[in-house]
Amino acid sequence: MIVKRKQLNLWERLYLPAVIGGFKVTLRHFFRKKVTMQYPEERWVVPEGYRGAPYLVKDQDGNTKCVSCQLCEFVCPPKAIRITPPGSTGPGADRSNAEKMPREFEINMLRCIFCGFCQEVCPEEAIFLMKDYSLNGTSRAEMIYNKEKLLALGGVHNDPIRKWKHKADEARSQGMEP
Amino acid sequence: MSTATPIETKPAPPPSDKLKVRVNGKEVEVPKTTPDPVSGKPLPTTMIQACFIAKVEVPHYCYHPKLPVSGNCRMCLVEFGTPAIGPDRKPILNPDGTPKIAKAPRPAIACATPLSPGMEIYTDTPTVKLMRAGVLEFLLINHPLDCPICDQAGECKLQEYSVDYGQSESRFVEAKVHKPKRVDLGPRIVLDDERCILCTRCIRFTRDIVGDDALGIVNRGSHNTLTAYPGRAFDNNYTLNTVDICPVGALTSKDFRFQMRVWFLKETKSLCTSCATGCNTVIGSREEKIYRYEPRENNAVNGSWMCDHGRLNYKWIGREDRLREVCSPQSTALSPQSAVLSPAERWAVAVRGIAEKLKHAPAGSVAMIVSARQTNEEIYLLAKLARALGALTDSVPRILEGDRLLLSADRNPNSTGARLAGIAADPMGANLPKIAEGIRSGHIRTLIVLGEDVTRHGIGADLLGKLETLIASDILPNETTRLAHYLLPGCAHAEKRGTFTSTKGRVQKFMKAVEPPGDARPEWEFLRELASQVTGQAGAASIEGLFNQMAGEVPGFHGLTWSGLGDTGATATI
């Protein structure tokens, strides 16, 4: 198809009106409020409920909350989570009546799609999607976060229920070893 | 009662061993009596058995088809009715001529209520649904709900029935009764009394099936507690079956404790190889690692049980020092190129080398020692090779103490197969001294060893050193494999398919659960190549074809087919 070039009229051929029109647009934006951000020095504050990177949390007494039930590993759609259960020789749980905690807990952040299923399925409220959205590393291996790193990044979760403490107290009040 | 006047009886109706009942309106014919699972004596058929025949699910905890009835969990409550009888002792009929059913005023437990002719059972009425929800609510009152740390989660009847029949929320606000947790019940079992629902399956199993009355319930009411008899450990050879039949997570296996969640496990139908009984098993594996064996029901062999000795004998399969590399003088000669040979090329070089050696071996100069732990197919191929070479053959017997339940004194899983194929001498092991003597006299120049360390069975390293060629295939390294000129890494039964013949002649097949490590290949694959290169006859290329070919040639297996074996096997003529 041949597109015919439109003949310019006199006003258009004068050139300056078009340039001035352009400057008007530039000037209008020049005095407006700035919308760009000096990333990465300046960062966006994410809204409440934002689904960022999943991290593990400890409770207010410093106990690892995860009990290695592996439901997050099961539900994870991209198979980003990998848990090594403690077995019979693994580390005892921080709270003795919780009986177990993971020997190793890895999340491959290159695979994670931040869907939040792990947080939703967790029966112990041990994993939460936090506000980190920019994760970097210089190798693939570095992007696999291990248990230690996840717990350090996750921090403390103020658990209002404290299921295991409640169970232990109830058992002790009945004269049983929790 | 001898003084009572005998009641006038009408001529008895023709005796029938069947009776007709209706389950949810569907008529089924069921046997009048069913053998007692322990004594075998005929007992009246119960409502739950009629429901099974009618393929209607009735939830139950304490009932188990292989155990005596106890009737304590109340989960199988159903409503029922019987034909109404008038004052004239005749059935009352509906206007359309069918018998009128008088519905019983109360429910009954289906597991312990015998059937009567014309009985109607209702399992889907609103009352039954309410009763199930009510029973579950009671069972959950003192249950700790620690599913996240419970090994039973995923195969727990309390979880399953709660989803199917229970309520979504608990109404219980009082403190739960706390009981002993993490009780060491014996060398292989951990007990959590809080999770126990007191169904007594474990007590009945160990008392009536094993004959070791080790468990019981103490204390009263909500404080009922399962425990071992004081001063006695629960340590018989069948304890881990109680873990299988425990409907909840009260009894768990120490070996499997916190190893893997059950929903990750791939289940493969297999067989136990620890003795000649041939118990049917299910292998639970994930990502090429075996986590557990469980018994699989086969009423012709092991019922629903297996022994702890066989169940825990799986760790060697994943050992780090497994044989991984094919070794042959030819590939060593090709060194340093041998490093660049692919596994397939290494196998081809080794098999060709062995075939050349065997083809030029004078008749009678070859001997074979074939383990009775190899499959029927492998033994058949070797027997064929032995006939072509005129070789002296034998297997190594393993006779230890058996028990009266499942453990056989013969610890080779396939002694019968070795006898049927003609590899084993009669009695097994009789040819071993002859082979040793043959090597000593220089008469036997080539020895083929499959799956045995012959240095522990009368053919020492000095004798093996005299051989011109030692061909060994095994799974784990030993003195024989160390001395072998040709070393062919083989597969554990969990890494290949095949069949074993049990001590009673049951031919059963097993499936592949995990991949073999390194170069290791199923023995029947390279034996088939070797046999076809030496004898010039190409045999069947698949395990199915090989089995069918063997069934045609070995008299004991006549009439059997791979597909005809099914999941539970077929009987050979022994």
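**Figure 1. Confidence across chain B of the predicted model.** Chain B has a mean pLDDT of 92, with 96% of its residues at 70 or more. This is a predicted model. Residues 1-6 of chain B have a pLDDT below 50. Where pLDDT is low, predicted coordinates should not be read in detail. For the complex, the predictor gives an ipTM of 0.85 and a pTM of 0.89.

**Figure 2. The contact between chain B and chain A.** On the chain B side, 13 residues take part. They are in contact with 18 residues of chain A. The side of chain B that touches chain A divides into 6 nonpolar, 2 polar and 5 charged residues.

**Figure 3. Helix 9 of chain B beside helix 14 of chain B.** Helix 9 covers residues 376-389 of chain B, and helix 14 covers residues 523-535 of chain B. Their axes come within 9 Å. The crossing angle is roughly 20°. Angles under 35 degrees count as roughly parallel, so helix 9 and helix 14 of chain B are roughly parallel to each other. The crossing is left-handed. Helix 9 of chain B contributes Glu377(B), Glu378(B), Leu381(B), Leu382(B), Lys384(B), Leu385(B) and Ala388(B). From helix 14 of chain B come Glu523(B), Trp524(B), Leu527(B), Arg528(B), Leu530(B), Ala531(B), Val534(B) and Thr535(B). By class, this contact between helix 9 and helix 14 of chain B holds 9 nonpolar, 1 polar and 5 charged residues.

**Figure 4. Helix 9 of chain B against helix 15 of chain B.** Helix 15 of chain B spans residues 543-553. Its axis and that of helix 9 of chain B come within 10 Å. They cross at roughly 60°, and helix 9 and helix 15 of chain B are therefore oblique to each other. Helix 9 of chain B passes helix 15 of chain B in a left-handed crossing. Asn376(B), Glu377(B) and Tyr380(B) make the contact from helix 9 of chain B. Ile543(B), Leu546(B), Phe547(B) and Met550(B) make it from helix 15 of chain B. The contact of helix 9 with helix 15 of chain B has 5 nonpolar, 1 polar and 1 charged residue. Glu377(B) is listed here and also in the contact of helix 9 with helix 14 of chain B.

**Figure 5. Helix 2 of chain B meeting helix 3 of chain B.** Helix 2 runs over residues 126-140 of chain B, and helix 3 over residues 157-165 of chain B. The two axes come within 10 Å and cross at roughly 140°. That angle makes helix 2 of chain B oblique to helix 3 of chain B. Helix 2 of chain B passes helix 3 of chain B in a left-handed crossing. Arg132(B), Ala133(B), Leu136(B) and Leu139(B) lie on the helix 2 side. They meet Leu158(B), Tyr161(B), Ser162(B) and Tyr165(B) of helix 3 of chain B. The residues of this contact between helix 2 and helix 3 of chain B are 6 nonpolar, 1 polar and 1 charged.

**Figure 6. An open antiparallel sheet in chain B.** The sheet has 3 strands, in the order 9-10-13. Pairing is antiparallel. Strand 9 (183-184) and strand 13 (251-253) of chain B are the edge strands. Each edge strand pairs on one side only. Strand 10 of chain B consists of residues 189-191. It is joined to strand 9 of chain B by 2 bridges. Val183(B) stands opposite Leu191(B) in strand 10 of chain B.

Note on methods. Residues are numbered from 1 along each chain as its sequence is written. Chains are lettered from A and ligands numbered from 1 in the order in which they are written. This is a predicted model: local features need pLDDT of at least 70, side-chain atom pairs count only at pLDDT 80 or more; totals for chains, interfaces and linings use all residues. Two residues are in contact if their C-beta atoms, placed from the backbone, lie within 7 Å. Ala, Val, Leu, Ile, Met, Phe, Trp, Tyr, Cys and Pro count as nonpolar, Asp, Glu, Lys and Arg as charged, and the others, Gly among them, as polar. Axes are lines fitted to C-alpha atoms, for helices over the stretch in contact, and angles run from 0 to 180 degrees between N-to-C directions. Helices (H or I, at least four residues) and strands (E, at least two) are DSSP runs, numbered from the N terminus. Angles under 35 degrees count as roughly parallel, over 145 as roughly antiparallel, 65 to 115 as roughly perpendicular and the rest as oblique. A crossing is left-handed if the near helix is turned anticlockwise from the far one by less than a right angle, and right-handed if clockwise. pLDDT is the predictor's confidence in each residue, from 0 to 100. Two strands pair if DSSP finds at least two bridges between them.
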